Amino acid sequence: MGSGIGAAMAVKPDLKIELGKQGVFVTTISDLYNWGRKNSVWPMQFGLACCAIEMIATTMARYDLARFGAEVFRPSPRQADLMIISGTVTKKMAPQVVRLYNQMAEPKYVIAMGACAISGGPFKQGYNVLKGIDRYIPVDVHIPGCPPRPEALIHAFMTLQAKIDEQPLTGSERPRHLDAEAQGEFPIPVQGAHDLEPPVNRLVWPLPAPAVIGTDAENCG
Amino acid sequence: MKSAKEILMAIQSALPGAQVEVVLNPSPSGQHSLRIDPASALAVAVFLREDSELALDYCSNATGVDWPDKEVAEKVKVAKVVEGVEQVVEETIKHVEPGYLEAVYHLFSMKKGPVNEPGPVVLRMRTVNRTDQVKLPSLTPVWRSVEFQEREIFDLFGIVFTGHPDLRRILMWDEFEDHPMRRDYVDPDDYEYEPTPHDEVLKRAEEQKAKAAEVTQ
Ligand code: SF4
């Protein structure tokens, strides 16, 4: 699984089992490190709209998110490393969401839960709803649905854990907190006279390239 | 339940100075409303609430309506001298009817109960125009329930309610300048990415694409 240095350094599972039978425990730093990271993801306690009810249900006895190492939802961004954007992000709320994300310590992850969080959902044509939180902060897992069921959130959670597990600690694919050059703080949009300013953060949400009309590429540039 | 006409009579006999008129609703529901003059609105509102027969003690809903300027074409017959002969000619005269903003209130009576008094009684108030004379008296002092809804009307339509205890924007942020529910509101251009655009959004997405193509050239 995976590629690059991380995968190359991993111990082959067969060899691990074989050595284990002889009473030798072999692992790599990256395995150990990622194992620790992936099993102690702490989500932040906040919800924005109806999707938040599903998120709450996910943590309750019936679905019991605690089984996956996400025990308590933390009431402070300083203690959390997973932001679940569950619900409608209005333009009035968006700066606060980005600010909270900035306040979380690295390494941190984002799950965008529900049609509203990923695109504006049923309110996309409205005047006050952000058309997707990924305009301002990087999202690791998107969950479609209106609302997604708790199983979908658990699946997103497991997807995120798999993603963390596969992350190499060196090379270009390494997590942001191990990259001194990486952008750590995300600009908080200002509430302007007609819209949020800027309307998108171009670094995380590049404008899709315009469709190529015709084939005379010489004319361009 | 008294009809709108009867309520009008009751108001006129209790408050002789008040200017009230019935706005007819030609649809099958026939839900006629009372248009009250902003100057006497508070007095009329207090009367409607306090009158023992009406006892309209609950305002369930307040909302706004935007009536933009509209061009009206009228056909008029005029006498004209055409080629030396006097003739009656039909001419169309166009004039612009100035627009206005309207606040609409739906009143019910809790005291009388929904069975005896099915509602609502509909009140309307109009501003002078849509630009600078947009003040209306707040009815929050009479019906406390409209406090948030008048704030919403202020936010989305731009009607300024004098006498409101806490008139701030409620859905949009304080720095926001437009009124999104007005007919001439143009929402910001954030349709640059549309997987399945259609209708109005398709038009806008196409414009966006053309603009982006221009920038890259
Ligand atoms: S996606 Fe649906 S359920 Fe979730 S916040 Fe939006 S409207 Fe509510």
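I take helices (H or I, at least four residues) and strands (E, at least two) as DSSP runs, numbered from the N terminus.

**Entry 1. Basis.** I worked from a predicted model, in which local features need pLDDT of at least 70, side-chain atom pairs count only at pLDDT 80 or more, and totals for chains, interfaces and linings use all residues. Residues are numbered from 1 along each chain as its sequence is written, chains are lettered from A and ligands numbered from 1 in the order in which they are written, and side-chain values use heavy atoms, with hydrogens and water left out.

**Entry 2. Backbone exceptions in chain A.** I looked up Pro198(A) and found it in the segment after strand 5 (196-197) of chain A. The peptide bond that joins Glu197(A) to Pro198(A) is cis, with omega about -10 degrees. A cis bond also links Cys146(A) to Pro147(A), where omega is near -10 degrees. Pro147(A) sits in the loop between strand 3 and helix 7 (150-166) of chain A. Asp64(A), which is not a glycine, has a positive phi of about 55 degrees; I located Asp64(A) in the loop between helix 4 and strand 1 of chain A. For reference, most residues other than glycine have a negative phi, and most peptide bonds are trans.

**Entry 3. Ligand shell.** I counted a residue as near the ligand if one of its heavy atoms lies within 4 Å of it. The ligand is surrounded by 13 residues, and the closest are Cys50(A), Cys51(A), Cys116(A), Cys146(A) and Pro147(A). At least two shell residues come from each of helix 4 (50-59) and helix 6 (114-119) of chain A. Helix 6 of chain A gives the most, with three residues. By class, the shell holds nine nonpolar, four polar and no charged residues. Here Ala, Val, Leu, Ile, Met, Phe, Trp, Tyr, Cys and Pro count as nonpolar, Asp, Glu, Lys and Arg as charged, and the others, Gly among them, as polar.

**Entry 4. Sheet of chain A.** I treated two strands as paired if DSSP finds at least two bridges between them. Chain A has an open sheet of three strands in the order 1-2-3, with parallel pairing. Strand 1 (82-86) and strand 3 (141-143) of chain A are at the edges with a single partner strand each, so one side of each has no neighbour in the sheet. Strand 2 (residues 109-113) of chain A is joined to strand 3 of chain A by three bridges, and Met113(A) stands opposite Ile143(A). Helix 4 of chain A packs on this sheet, touching strand 1 and strand 2 of chain A (contact means heavy atoms within 4.5 Å). The direction of helix 4 makes about 130 degrees with that of strand 1 of chain A; axes are lines fitted to C-alpha atoms, for helices over the stretch in contact, and angles run from 0 to 180 degrees between N-to-C directions.

**Entry 5. Hairpin of chain B.** Strand 4 (residues 70-82) and strand 5 (residues 85-97) of chain B pair antiparallel over 13 bridges. They form a hairpin with two residues between them, and Glu83(B) in the turn has a positive phi of about 50 degrees. Lys77(B) has Glu90(B) as its bridge partner in strand 5 of chain B.

**Entry 6. Interface.** The contact involves 25 residues from chain B and 24 residues from chain A. Together the chains bury about 2,200 Å², 60% of it on carbon and sulfur atoms; buried area is the accessible area (1.4 Å probe) that two parts lose on being put together, summed over both. Trp173(B), Asp190(B) and Glu192(B) supply 30% of the area that chain B buries against chain A.
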